[in-house]
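Let's take a walk through this structure together, starting with the chain as a whole and then stopping at a handful of residues. Keep the viewer open as you read.

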Amino acid sequence: MLKSVQRIAFATFLLSLVGTTGVVAQATRDMGDAQEAYRHALELYEKKLYGLAQHEFERAVAKGIAADGSQLVAQVEYYKLVCAYELWASNTEELANEYIAAYPESEKCNDTYYLLGKYYFRNADYANAITAFGQFNSSSLSEDEMAEYDFKRAYSLFAQLRYETASPIFSRIKDGNSKYASAATYYYSHIAYDQRRYAVALRGFESLRNDEVFSKLVPYYILHIYHSQQNYDKVISEGSEFVESVTGKRLPEIARIVGEAYYYKKQYDKALPFIEKYAATATTLTRQDRYLVGYIYYQNKDYQKASKIFEQIVVGQDSLAQSAYYYLADSWLQMGDKYSAGRVFLQASKMDFFPDIKEDALFNYAKLMFDLNSGPFNDAIEALNLYLKQFPNSRRTDEVNKFLMQAYVVSRNYKAALESLSAIKSPDADALAAMQKVAYYHAIELFQNQSYKEAIDNFNLSLKYASYSPRFAALATYWKADAEYRLGNYETAGHLFNEFVLSPGVVNTEEYIAAHYNLGYATFKQREYSVAMQWFRKYASLALDKSSMLCDTYNRMGDCSFMQHNYAAAIDDYSRVMQMKLIDVDYAAFQCGLCYGLVQQMDKKIELMDAVINFRPTSPHADHAMFEKGRTYTQQLNYAKAIVVYTQLLGKKQSAFYAKSLVELGLISVNQGNNTHALEYYKRTVTEFPGTSEARNAMLGIKNIYVELGDVDTYFKYAGTVKNFAAINASEKDSITFSSAELAYNSGNTDRAIDALNRYLDAFPNGAFVLDANFYIADCYYRTGKLEESLPHFVYVLSVPKNDYTEPALLGASRVSFDLGEYKKASSYYERLESVASSKVNTVEAKLGKMRSDYLLQDYVATVVDATSLLAVENLPAEIVREAYYKRAKSYDNQALSDKAVLDYKEISSAVKTKEGAEARYKVVADLFKRGDLANTEQAVLDFSKQTTPHQYWMAKCFIVLGDVYVQRNDAFQAKATYESIIDGYKVPDDGIIDEVNQRMQQLIQREKEKENAASQSPYDVAL
């Protein structure tokens, strides 16, 4: 405005230079036009034609309205400002501030503050609106104007959350008659609602029920107030009908409020449709929202839907998670999934927000693990003990103790159960009875794993509590006897088996029958043949059917009769074996043939020896039968047939009867008067088998021939060239010295025997008994545990062509080499042993030893061949069969022949009490998972869990696979719970299992974080 004044003054100054008269005339004319424009502008302004009015005000200024005085100019500028405001001009704020600065004394300056406040209010700039309204003096306002001013000022304060200041202003307006009364009532009530002054708010909202503007808004607040006041009947009565007419974003809110009202009244069936509508229409659901939905499904016994909701809530460590875990667990329990329920009860029990839930969850977890046969990691015992520790004064203490005692008995993780029982400071009778049974079962596990000494220790522990169960005491005695037998303690084993047989109440057990068989063997091993016969005969009378054990029994009965020279009885028993045709038929036939020979039924003997020879080419008795056949022909003086048989044996260079056949052929030649041929056979024996008994017999034959020929000098000359044959004048000393050493050996005095035998070898390095001495000394060193000292002597025996000591020397060299870790040598010796073994026992040991050696040499191709050969043997002990399948499977694995490996693993995967069986079960599970068969993988793991195993490493590996199954199914909750069950239950911290699980957990958590969207609840604002 000041610039306009300056322009007018400057124009007046210019006109004065031209002439006064013209200037005055022009000014008078312009002034009239300005007044006219001003009046016209006011008329337009009054008619609210602000655009035209603004133009006329501008024209009035241009015509010189300023000449009429500054007060009029201030009026014109104010009207222009009002027009700009009404026209929503963007520079209204600027014009207002310029006006206030230019005309501070103008009567319109106060009005300008009000106008500026309204401008800010209109643009929702409530902070500046409050400032502008604060500078306005409202004393000149009419009642209606005052109501508008107060409302806009109060709303601006309300918008800035300055409720304490806004509320009294709204209070003044709401009680008036202005058009702002309803709005003021609404916001006044809103503030009261926000300040939890529900009674005040409710009165205000109730007064607006029929208001044209607010009638659709106030029901929301009224429902919220009733809900906050816990007046659920009112919420239900008003909301049930109201929810049907609501649409948009208000629908889920109202549905939830009504649903919650029914929820709090525990009318869950009526709450369900409202909560379902809420869940279906809400844009986002918080964890609290989801919990409400899940809980109402749970109370309506829709456990499937409830579990799916609860699964989404159990994150973090808070009270909501604990409660959700608890009801999720119970949902699964109600659906019959005890295993999943137990895992989740465990999670609920780990939190302390709700003590009652914590206790109940831990109890339910423990009971479920008990029902599920203790869980994979002896969970029931651990949980029950934990419950007693955390809640020692619980009303359930007696019940838990009862479960605990039963868990000790039925738990198959016997080692852990023993540890738990041992931790009880003052065990009662139930605990001690459990100790007896658990120690017994743990001993059986150790026995199955061939840990016989440890098994005996645990059988002894069980027998400490024999009075609690005579049945378990008897069984412990039986299996302890078996363990002693397998350790070679035959006398101890016999006493224990006898004690078992005499125990009360065992007559109807399987072990009672088997004990007679074992007693037979224990006494047979002690060469008490008459006693052994009694026990074998008793077993045969008790045996329920024809079996391999019964066949073996008849063979041993035959052996007992044979050793007692009762050949007729022996023939009867051996014949039974031949008739049954189950096992060791060739042995029975051979022994029966020997017996017929001893009773001078030579034709019958020859018939049976032929049967053995033709039984199978690999029979360990075939060569011996052939030799006996030859001897029989010799005894019958049928030399031609005898020569044919012995000549056939000479075609078997490695046969144990090669040297014997040479001697027999020499003897036949002597009998036929052909000394030349006899000397050839005898000298071949001496040359090819020096130091053997056959060589000594041959030397005797040579001596006799030369003596008979009267050519003793030739004999002396020949004898002097023979290695390992003492000089004639020293032979007596040689024989006497060896006999003394042999006497010490046969007496069992190994230390004295070693000394005497070494002195013999020193004195007679080429003596007649060097072979015998080397074997004896090797055997003594072996029996006293001096393995390294024994091996060179075994090797010496093996350097001599095949002899009577070849087989036992190979057995010794094989065992020593294996025990010393020289597996390549052991494999070679075991292979040679297999080729010469004359008994099934040695054949099995040779095959087994070679397999073990090759496996440790990592020669997996050879191990497969070895194991296959071993498995072809009849009537193998179960532990050897299991080991063969296991090592063959591992060898296939190492050759990347996984399909073949799995077939072998399946053969032993049911024997989960053994380390091989437990690993095999894992391998089968891993193969199912690799093939994508998730359903069978899951079932296989759960079946394994029910069986339990002391080999917890493989159980944990299977559960890792189960977690991986759930990951593949995108079931993050189940995967996490499975991994956590391993972390909670697995007790070995440093074997890699826990690290493997933690790695998977981190991967799972990272995956979930990437998927997770933060759930938030948007506020419901009221827009004017």
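In this chain, 53% of the contacts with a separation of 6 or more are between residues 24 or more positions apart, where a contact means heavy atoms within 4.5 Å. Before going further, please note that this is a predicted model: local features need pLDDT of at least 70, side-chain atom pairs count only at pLDDT 80 or more, and totals for chains, interfaces and linings use all residues. Residues are numbered from 1 along each chain as its sequence is written, and side-chain values use heavy atoms, with hydrogens and water left out.

The secondary structure is quickly described: there are 54 helices and zero strands. Both are DSSP runs numbered from the N terminus, with helices being H or I of at least four residues and strands being E of at least two. As for overall dimensions, the C-alpha atoms fill a box of roughly 195 × 75 × 45 Å along the principal axes. The radius of gyration of the chain is 55 Å, whereas a compact globule of 1024 residues would come out near 31 Å. That radius is taken over C-alpha atoms, and the globule rule is 2.2 Å times the number of residues to the power 0.38.

Now for the surface. Of the 1024 residues, 53% are buried; here buried means under 20% relative accessible area, exposed means over 50%, and partly exposed lies in between, using a 1.4 Å probe and protein chains only. The chain exposes about 49,000 Å², and carbon and sulfur atoms supply 50% of that area. These areas come from the Shrake-Rupley method with a 1.4 Å probe, and for residues only the protein chains shown count as cover. The chain carries 112 positive and 128 negative charges, whose mean positions are 2 Å apart. Lys and Arg count as positive and Asp and Glu as negative, while His and the chain ends are not counted; each charge is placed at NZ of Lys, CZ of Arg, CG of Asp or CD of Glu.

With the overall picture in place, let's visit some residues. Ser 167 is in helix H9, which covers residues 163–174. Ser 167 counts as buried because its relative accessibility is 10%. Beyond its neighbours within four places in sequence, Ser 167 touches Tyr 188, Ile 191 and Arg 197.

Next comes Tyr 387, in helix H21 (residues 379–390). Why does Tyr 387 count as buried? The reason is its relative accessibility of 1%. Leaving out residues up to four places away in sequence, its contacts include Leu 362, Phe 363 and Val 400. Glu 359 is also on the contact list of Tyr 387, and the side chains of these two residues are joined by a polar contact of 2.6 Å. A polar contact is a pair of N or O atoms within 3.5 Å; within protein, one must be able to donate a hydrogen and the other to accept it, and residues adjacent in sequence count only if both atoms are side-chain atoms.

Let's turn to the loops. Most residues other than glycine have a negative phi. Arg 196 is not a glycine, yet it has a positive phi of about 65 degrees; it is in the loop between helix H10 (181–194) and helix H11 (198–207). Arg 196 is exposed because its relative accessible area is 63%. Asn 970, also not a glycine, has a positive phi of about 60 degrees, and is found between helix H52 (952–968) and helix H53 (972–985). At 59% relative accessibility, Asn 970 counts as exposed.

A last stop is Ser 747, in the loop between helix H40 (731–746) and helix H41 (750–763). With a relative accessible area of 49%, Ser 747 is partly exposed. A polar atom of its side chain lies 2.7 Å from the backbone oxygen of Ala 744, and the side chain of Ser 747 also reaches the backbone nitrogen of Asn 749 at 3.4 Å.
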